[in-house]
Amino acid sequence: MKQRFDAIILGAGQAGPPLAGRLTQAGWKVALVERKLFGGTCVNVGCTPTKALVASAHAAHLARRGGDFGVVSSGPVRMDMAAVKARKDKIVAKSRNGVEGWLRKMEGCTVFTGTASFTAANEVRVGEEFLEADHIFVNVGARPFVPPAKEMPGTDSVPFLTSSTILELDELPKHLVVVGGSYIGLEFAQMYRRFGAEVTVVERKDRLVPHEDEDVSAAVLDVLEAEGIQVRLDACCIALSKRGDEVVVGVECVAGHPEVVGSHVLLGIGRVPNTDDLGLAHAGVTTDEHGFIVVDDQLRTNVPGIWAMGDCNGRGAFTHTSYNDFEIVAANLLDADPRRVSDRIQVHALYIDPPLAQIGMTEAEVRASGKPALMGTRPMTKVGRAVEKGETKGFMKVLVDAETKMILGASILGTGGDEAIHCILTAMYARQPASLIQRSVHIHPTVAELIPTVFGDLKPMS
Ligand SMILES: Cc1cc2nc3c(=O)[nH]c(=O)nc-3n(C[C@H](O)[C@H](O)[C@H](O)COP(=O)(O)OP(=O)(O)OC[C@H]3O[C@@H](n4cnc5c(N)ncnc54)[C@H](O)[C@@H]3O)c2cc1C
Ligand SMILES: NC(=O)c1ccc[n+]([C@@H]2O[C@H](COP(=O)([O-])OP(=O)(O)OC[C@H]3O[C@@H](n4cnc5c(N)ncnc54)[C@H](O)[C@@H]3O)[C@@H](O)[C@H]2O)c1
């Protein structure tokens, strides 16, 4: 049966549902197709469950450090992993049900469950249903990358965890080997160490979080090693094999033992877009060599009437970038407001403890640009609030254009840094010079309080 709509939205991730809300409010007849879990990655297997687990891990860490604060408790801290999982599941379910309930009750929106694929540029098939519209919005997200056995021997025969399947564990692995030392790998590594597992991180580059500045990578390594996490860098030719009940990760490192033996292995080595089974060829939509849908600055594909939003377009890989994609599309279509992806300042955080927040350009990017620049840094040991909280690991770094005095970027690795950095971000969006922040009087005692001081003590970058 063929049904006609004004718009079809593929995927109920971070961009699709709010777009359905805006379009239906504008009187459009909308079909929304979701094949699995409403709310997509962030709600079900991404931000929400991981940050709930990070909170349990933080509680365990603080409980172990109770003595530092004069808290007396009897006996060692133990985890009830079933309770940790139940807490996480409850938070996730509330969020997922909220999104699903909202969509199903939305006037003007018809929800279809199943896998959608294009049959033509204006037509999509879901099971036996054919849906037709002149506007189609693709928000299909991404999934964990699992290399084929010819690239990583053992992936076809040895059990391994991904960032999705590890969320189903309700027992503590004896020794978790994490392959990939970046956002996914490090959040799980620290969390499981704090739950009480032995943890080894295996990263093929010569430093952790290789997209970040070298000083950030070094400080993150210090944080993790101080908690007893083993880290193997420069690991090449990674292979999985089984030895009895144990999993062996062959690492062939430049130095060190050629194998890491653990009870469980997690692959956190990137994500691939869900575009391979979408029938994009039937619509004539162009993808790049990694499968990301190619879009312009206003998220239009090469086919008129088809847009791509969120992780599947390769222009961002975060919840906030996917949601911003919705805002850009809605503003252009409904508000005659020509918002663009290039208006967006790149921002992200890594939720280890202390968190790392990064906005705008990194120091390496500023150096590569050749711009004359000023830099200010302060260790977290100089932040009164961090000292009072007993959490002094990390540092702040700000980068300023030497000629225009405009802020180029900032990184904060430190307690509260993920919140405090937003005062810098707001000044960047307001296109205000560094002196605006330098002259701002911030509340004492906060982590943000030191930011004006850092901007007041800028030095030319050598
Ligand atoms: C472990 C982990 C932790 C993360 N933590 C953070 C964080 O702290 N902060 C942050 O900003 N980002 C985080 N992210 C990234 C964030 O989750 C994603 O960037 C975000 O969810 C992407 O949203 P999206 O709208 O592009 O797609 P998704 O949320 O992935 O939604 C896509 C939806 O489309 C559906 N779908 C796919 N194909 C089809 C089809 N053919 N037919 C019908 N439906 C289909 C899927 O089932 C899914 O529901 C994390 C990711 C992971 C994996
Ligand atoms: N806090 C957050 O916002 C957050 C948290 C988790 C995930 N995410 C999102 O999920 C995406 C994917 O995260 P990710 O950490 O999986 O990917 P990533 O691309 O950021 O990092 C993958 C890491 O694995 C390493 N690697 C790749 N192949 C390897 C191999 N064969 N052996 C050993 N190491 C290997 C890479 O060098 C890199 O360090 C991120 O881009 C991010 O947008 C965000």
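Which elements do the buried residues of α6 pack against? The structure is a predicted model, in which local features need pLDDT of at least 70, side-chain atom pairs count only at pLDDT 80 or more, and totals for chains, interfaces and linings use all residues. Residues are numbered from 1 along each chain as its sequence is written, and chains are lettered from A and ligands numbered from 1 in the order in which they are written.

The buried residues of α6 pack against α5 (183-195), β12 (230-232), β20 (356-360), β22 (395-401) and β23 (407-413). Helices (H or I, at least four residues) and strands (E, at least two) are DSSP runs, numbered from the N terminus. The buried set in α6 is Val216, Ser217, Ala219, Val220, Leu221 and Leu224. A residue is buried if 20 or more other C-beta atoms, placed from the backbone, lie within 10 Å of its own. Contact requires C-beta atoms, placed from the backbone, within 7 Å. Helix α6 has 13 residues (214-226) and should span 18 Å at 1.5 Å a residue; its end C-alpha atoms are 18 Å apart, which agrees. The expected span is 1.5 Å times one less than the number of residues. Gly228 follows α6 and has a positive phi, near 90°.

The UniProt annotation "binding site", from an unreviewed entry, covers Gly180, Gly181, Ser182, Tyr183, Ile184, Gly185, Leu186, Glu187, Glu203 and Gly270. Such annotations may be inferred rather than shown by experiment. These positions span 91 residues in sequence, yet no two of their C-alpha atoms are more than 14.0 Å apart, so they gather at one spot. Tyr183 lies in helix α5. Tyr183 is buried, with 23 other C-beta atoms within 10 Å. Leu186 is also placed in α5. It counts as buried, with 27 C-beta neighbours inside 10 Å. Beyond its neighbours within four places in sequence, Leu186 contacts Gly181, Leu208, Val209, Val220, Leu224, Leu350 and Ile352.

Around ligand 1 there are 36 residues, of which Gly11, Gly13, Gly40, Gly141 and Gly310 come nearest. A residue is near if its C-beta atom, placed from the backbone, lies within 6 Å. Two or more shell residues come from each of β3 (30-34), α2 (40-45), α3 (47-64) and α8 (319-334). The largest share, four residues, belongs to α2.

The domain assignment gives domain 1 (2-143 + 272-343), domain 2 (161-269) and domain 3 (354-460). The centres of domain 2 and domain 3, taken over C-alpha atoms, are separated by 30 Å. Their contact takes six residues from domain 2 and ten residues from domain 3.

How values were computed
A residue is buried if 20 or more other C-beta atoms lie within 10 Å of its own, exposed if 12 or fewer, and partly exposed in between; C-beta atoms are placed from the backbone. Two residues are in contact if their C-beta atoms, placed from the backbone, lie within 7 Å. Domain bounds come from an automatic or database domain assignment.
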